[in-house]
2 protein chains.
Amino acid sequence: MKKIFSVDPWKVTEMDMHPQDNRLAESVMSIGNGHMGMRGNFEEDYSGDSLQGTYIGGVYYPDKTRVGWWKIGYPEYYAKVLNAPNFIGIRTAVDGVNVDLAQWDVENFERSLDMRRSCLQRSFTLVDNSGRRIDVAVTRFLSRSRREVGAIRYAFTPKDHRADILFTPYLDGDVYNEDANYGEQFWSHVSQSADSSTSCLTMETKKTAFVVSTAMRWSLDGADPDRTDAGEKQSYVENQVQCRAEPGQTVTLTKYAAVTTSRDWPSTETEAMAVQRVNEAYEAGWDSLFDEHCRAWKQIWTEGDVVIEGDDEAQQGVRFNILQLQHTYTGEDPRLNIGPKGFTGEKYGGSTYWDTEAYCLPFYMSTMDHSIARNLLLYRYNHLEKAIENASKLGCEGALYPMVTMNGEECHNEWEITFEEIHRNAAISYAIFNYVRYTKDKQYLADYGYEVLLETSRYWADRVSYQPRKDVYMILGVTGPNEYENNINNNWYTNTMAAWNLEYALEVRSYLRQHHPERLREIEAKRNLHEQEPEQWQVIRDKMYKPFIEEHGVFAQQDLFMDKEQLTVDQLDPDDLPLNQNWSWDRILRSVFIKQADVLQGLFFLNDRFDQQTKQRNFDFYEPRTVHESSLSPCVYSIIAGEIGRTDKAYELYLRTARLDLDNYNNDTEDGLHITSMAGSWMSIVYGFGGLRVCDDQLHLNPFKPAAWERYAFKLVFRGHLLRVEIAEGKAKVTQEGGKPVDIVFLGKTVSVPADETLEVDLH
Amino acid sequence: MKKIFSVDPWKVTEMDMHPQDNRLAESVMSIGNGHMGMRGNFEEDYSGDSLQGTYIGGVYYPDKTRVGWWKIGYPEYYAKVLNAPNFIGIRTAVDGVNVDLAQWDVENFERSLDMRRSCLQRSFTLVDNSGRRIDVAVTRFLSRSRREVGAIRYAFTPKDHRADILFTPYLDGDVYNEDANYGEQFWSHVSQSADSSTSCLTMETKKTAFVVSTAMRWSLDGADPDRTDAGEKQSYVENQVQCRAEPGQTVTLTKYAAVTTSRDWPSTETEAMAVQRVNEAYEAGWDSLFDEHCRAWKQIWTEGDVVIEGDDEAQQGVRFNILQLQHTYTGEDPRLNIGPKGFTGEKYGGSTYWDTEAYCLPFYMSTMDHSIARNLLLYRYNHLEKAIENASKLGCEGALYPMVTMNGEECHNEWEITFEEIHRNAAISYAIFNYVRYTKDKQYLADYGYEVLLETSRYWADRVSYQPRKDVYMILGVTGPNEYENNINNNWYTNTMAAWNLEYALEVRSYLRQHHPERLREIEAKRNLHEQEPEQWQVIRDKMYKPFIEEHGVFAQQDLFMDKEQLTVDQLDPDDLPLNQNWSWDRILRSVFIKQADVLQGLFFLNDRFDQQTKQRNFDFYEPRTVHESSLSPCVYSIIAGEIGRTDKAYELYLRTARLDLDNYNNDTEDGLHITSMAGSWMSIVYGFGGLRVCDDQLHLNPFKPAAWERYAFKLVFRGHLLRVEIAEGKAKVTQEGGKPVDIVFLGKTVSVPADETLEVDLH
């Protein structure tokens, strides 16, 4: 664990350069606006170690998969988010010498992520060979209000001499992915144009044929250019802006950029649109552009901020998490989703995992307009036919959503995950339940939700196997959420969630029969549902086998869990941790150690079905066996710990992900940020400490205060109400900002929160 | 299934060209001499589909592995047998037009493998554009008596015109492997020389630095050359021999080739040695070379032939199998072993699998001098330290032999095989037992065997886990011989063989204590064996858990076998077969269907420990659930079927592998031959029908005659005795050729077989 960033409630700042940890800093300093994002790379040349990364939502490439031994049903490709044409580049030269921060003497270097305004700032002093100094200040943002636009201000101030300065803003399409399976380049050149003011580069992805046009335009403040020029080579355009600055005089190049794609425009028009967008940005000017961007971010923090007092590290951590989630997904485009690394690196290919439904949905549901969460659901609805194809490839009826996807097709290629980690299907159904429960948008069930529930139920009904000797339905050969067991039988979580999926489908069916009978008939005709199918769902739900360990009174993670050597994590040699970096895979698999919440994930999802004693027993049994080697694990344990009153344990577990990336806890942040686990960290606070639940059609809040904090507060959007919840020593307050009165269950009592008023309750 | 070869007891002949099936014919027409081998490629140019393949035993390349997700303990490379420099090439031109059999009109084409003499022959008539005809006859062999030498006779006879003929024999080092994981070329150029008589090319493998020199020399018969010349380009040398043939006149180019490697010579001397060898061959001349080669093969057939009368297809099949086994491995070099495809293709990388111990050893033990089998054992002994390293990589004590290897290191990269298919360790111990039982070479135990038994026992003792609830030792997380189940607990075969391995180690230890106490002390000091280790082996052996299915009275393939849906193969839709080409992997895994002998493999290995009823019950339970999708499976079932008196079933199962490649039964022979399963097919006859067993220190023969055959006979080498066993209707005969009298158990009775006499017994 390495801490290279200073602690501040609203900023993440790297003081001094860290050439060895530059990739880490680049990951942490990533910015994005949902449409696109980028790592915190430098604008000027840098010959040191760096992972250049600019990513555009939904622009992917089907890289040929790399497998040891092909098996039927494997996907042919692994969709990857692409490193897209670089539009941030501004090569600079002073007195004819090109600036390269790896080569020049640099003083007072600072790279800082301004979280309030979502912009990346750098400042440093260049020292040339004669010891002359130039101050440099750079600000970059990707506009939250104009999603195709970004802008950079690059300012030079010679301190003690008159400097000749050459700015060379450029667009570079000659980019590659470090993780390309076979070293191929994924882009081909379409067209380019460069004149001394506006330039444009159009590239196209191979195979998927996404056309991406990138345009740039510049302005110079503080001096008139002595010379301007344009240049180009294959897949590369540049402008040259030569000027002179007197000692103490600041010259500033502003680079406006726009990125348009054939996902949004006809492919013949992307170029014209990029030019139009960049010209609009240029006309608006930096101040106006930046101002509207900051206003959009003010709104985000108004609805979704979490305030922690008495612990600046925690405060910085949670804001960083919210910031990066907002960089990744804005919810405007239902074709997009949330990659585990967002726009901050290549790993995991930028694809969609069940992380979205299990961890991210609650965050977006509670911090933004409900239409955003609804778009996350629609993403899966729109992939329903592909999920049916996917099930069919595996020889099953109904729909099996892919484990990893970009366009609805499976693109993971390990059988133990792809073919066996089928519990993801239930998470997708659960998200519908969770969304409807939270928002009361029951219309969604008629419009879209039931179709997904029907086809996932169909899958489960086909995937189970009847075991006559015990008169039960079993689910054989699965991998549960705990990926440290593969090909097990009767994973309690999977079986329980499958039964729940069937039950919920039947419940929604009853609801539709009563309230939307016409629509129900229409759906079931379209889906060719036979009446005996729902009958069978009921039978399977009732006879689903759910393994139990009598001697401990806990649910069995799987049939043979108790045949494993029953060790606990505290018996391990600390040098063996993390297990996945020290133990061979077979040793991990046959050990009792659990990677991430499995039985506990079920206790979290179906929270109100289990009593406190059950939760306690299972927590006490499984927690000591869990190594939390997924960043998605501790939050679930933390939430359950909070629920059963283990508040210190809840806090301890929360700490494991709160600053995962800022402190590079897992030593892998250089590859990119753990975006989806950031939502889990947010949940630890709002669900875990704040005790947020929705049940009996009501919002419940049952907060406690971690001892280490003086005070914390969070915002909630709930069915059109904006609530602020604040917990201090001995007191909990809930305030509604505007709106109409709303009834909530606050610390166990139903109370009505009027508009613009605060209710205060003593904490037990 | 496609039959393109004519049936003949001693020949495999392709009549007419089969451009669509050329790769199949190339595989089947492979020749080899243990030192090297090659596919039945054409000498002249061929622009049609072909897999060029020349392979040299032990010359491999560590190709970078291709995995989906790297796991601790995975090998970094996958050792591959290399496609080596091509030395068979003879480009030919007639009247200035290059001969390409894919372009020219060809009549009366015949490609034929002469099994008696192990040579490849081709004959055909070329028809040029003017309709003029030239007869061509080609013979190629790799010398059995001079393992570094091969020779080719290439004869042209113009039928109706005077033809200008240009022969261009060449050596080509610019070769690649089709299955290279990343498309890399594996050879680099060292040196070359070409003059008009003898040329030489020296190449070196990348990374492994094997130096291979290939030399050639030619002679011309039937005409004097009009012109001779030499040419070369990078990694390529050629001679040109121009001559003229009158109508009816035959001109013959003889190409002598020699291949030497740095495995046998200092790398600076390979070139000189190749030139020396080729000159020796040239001096000897074709007739003499071929004659000594044929005499060596005569000896092989004398000791190891199987004669089948009344079924030419069966006769051809078994001889083909014996031939190809003899092409692959001659046993002279303990550094070599038997790749599943021998020298006939690239697939499986030419590496060593447990096939050697389980299937091939009995063949070589019974058909060749016992030193050959001993060398197969020494191969593993020499890899013992690497096997200890391998176990250590997986966090275990003792030795775990690799699943797939070239030099003792693991080179398989799927966790479910590499890490979990640990039963291979017992097969390697079993081979020691089997060898000593057969040969009575007990000295081997003291010299080498016990060390292997000690370290494999150590592995098992560490790999088991004690289960206090049942007071048993379990083996969790394995893949048994049936690879259609992965990551199962308590595979009966693995547990049983592990317990047996421990028991045999203890037994050998007792033997050594009595007969070689000094050596025992020396070994155990070297291996740091503590006295409590063997005590623990005894405890584990006694308390090993061996799952049993009460309701069927059979051994349970694994703990949860009975939770699977209990179907049998006859209930499957025939379109679903083979399952591995029609079902997704997860579906296969959770199905009851068995790829290859698993429980039955144990019944075969530990044959005399189970009574007839036990064998019957297990056969009747498992056989209907077995799809035999490994070519290694039917032979074991066939042998057990024979043993329990199901002779028709035994014959039916035998048929599934007897002509596997000749009839391209699995539709994959184009990739190469199934060499190791050929040994299984041989076992079906000699162990299955012939009833060969060794127990109580005696050779048992308990033959029956398949109804479809009139008569069959096989040869056996047993402890220095050469026996011929012949079974006809109602009669079984055993004849000793030479030697001293030997006692055997023939159809249940102990009899003495004198030298050069025949014993005849009535069959029940």
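Modeller: One definition first: two residues are in contact if their C-beta atoms, placed from the backbone, lie within 7 Å. Helices (H or I, at least four residues) and strands (E, at least two) are DSSP runs, numbered from the N terminus. This is a predicted model: local features need pLDDT of at least 70, side-chain atom pairs count only at pLDDT 80 or more, and totals for chains, interfaces and linings use all residues. Residues are numbered from 1 along each chain as its sequence is written, while chains are lettered from A and ligands numbered from 1 in the order in which they are written.

Biologist: Is α5(A) roughly parallel or roughly antiparallel to α9(A)?

Modeller: Axes are lines fitted to C-alpha atoms, for helices over the stretch in contact, and angles run from 0 to 180 degrees between N-to-C directions. Angles under 35 degrees count as roughly parallel, over 145 as roughly antiparallel, 65 to 115 as roughly perpendicular and the rest as oblique. α5 (355-367) and α9 (424-439) of chain A have axes 10 Å apart, at an angle of about 20 degrees. The class for α5(A) and α9(A) is therefore roughly parallel.

Biologist: Which residues of α9(A) does α5(A) meet?

Modeller: From α5(A) come Glu357(A), Ala358(A), Leu361(A) and Met365(A). Their partners in α9(A) are Ala427(A), Ile428(A), Tyr430(A), Ala431(A), Asn434(A), Tyr435(A) and Tyr438(A).

Biologist: How does that contact of α5(A) with α9(A) divide by class?

Modeller: Ala, Val, Leu, Ile, Met, Phe, Trp, Tyr, Cys and Pro count as nonpolar, Asp, Glu, Lys and Arg as charged, and the others, Gly among them, as polar. On that basis, the contact of α5(A) with α9(A) has nine nonpolar, one polar and one charged residues.

Biologist: Is the crossing of α11(A) and α13(A) left-handed or right-handed?

Modeller: α11 (492-515) and α13 (532-543) of chain A have axes that come within 9 Å and cross at roughly 140 degrees. That makes the pair α11(A) and α13(A) oblique. A crossing is left-handed if the near helix is turned anticlockwise from the far one by less than a right angle, and right-handed if clockwise. The crossing of α11(A) and α13(A) comes out left-handed.

Biologist: Which element gives the largest share of the side of chain A that touches chain B?

Modeller: The contact takes 38 residues from chain A and 38 residues from chain B. Elements of chain A that give two or more residues are β22 (465-467) and α14 (585-590). The largest share, five residues, comes from α14(A).

Biologist: What percentage of the interface residues of chain A are also interface residues in chain B?

Modeller: The copies meet through the same surface. The value is 100%.

Biologist: How many residues of α16(B) are buried?

Modeller: A residue is buried if 20 or more other C-beta atoms lie within 10 Å of its own, exposed if 12 or fewer, and partly exposed in between, with C-beta atoms placed from the backbone. The buried residues of α16(B) pack against α14 (599-605), α15 (612-622), α17 (647-658) and α18 (675-689) of chain B. α16(B), spanning 633-643, is largely enclosed by the rest of the structure, because the buried count is eleven of the eleven.

Biologist: Is Asn490(B) buried or exposed?

Modeller: Asn490(B) lies in the loop between β23 (472-474) and α10 (492-515) of chain B. Its phi is positive, near 55 degrees. With 27 other C-beta atoms within 10 Å, Asn490(B) is buried.

Biologist: And is Asn108(B) buried or exposed?

Modeller: Asn108(B) sits in strand β10 (105-114) of chain B. It is not a glycine, yet has a positive phi of about 50 degrees. With 12 C-beta neighbours inside 10 Å, Asn108(B) counts as exposed.

Biologist: What is omega between Leu577(A) and Pro578(A)?

Modeller: Pro578(A) is in the loop between β25 (554-555) and α14 of chain A. A cis peptide bond joins Leu577(A) and Pro578(A), and omega is about -5 degrees.

Biologist: What separates the C-alpha atoms of Gln596(A) and Pro634(A)?

Modeller: Gln596(A) is in the loop between α14 and α15 (599-605) of chain A. It counts as buried, with 23 C-beta neighbours inside 10 Å. Not counting residues up to four places away in sequence, Gln596(A) touches residues including Leu632(A) and Ser633(A). Gln596(A) and Pro634(A) are 38 residues apart along the chain, and their C-alpha atoms are separated by 7.6 Å.
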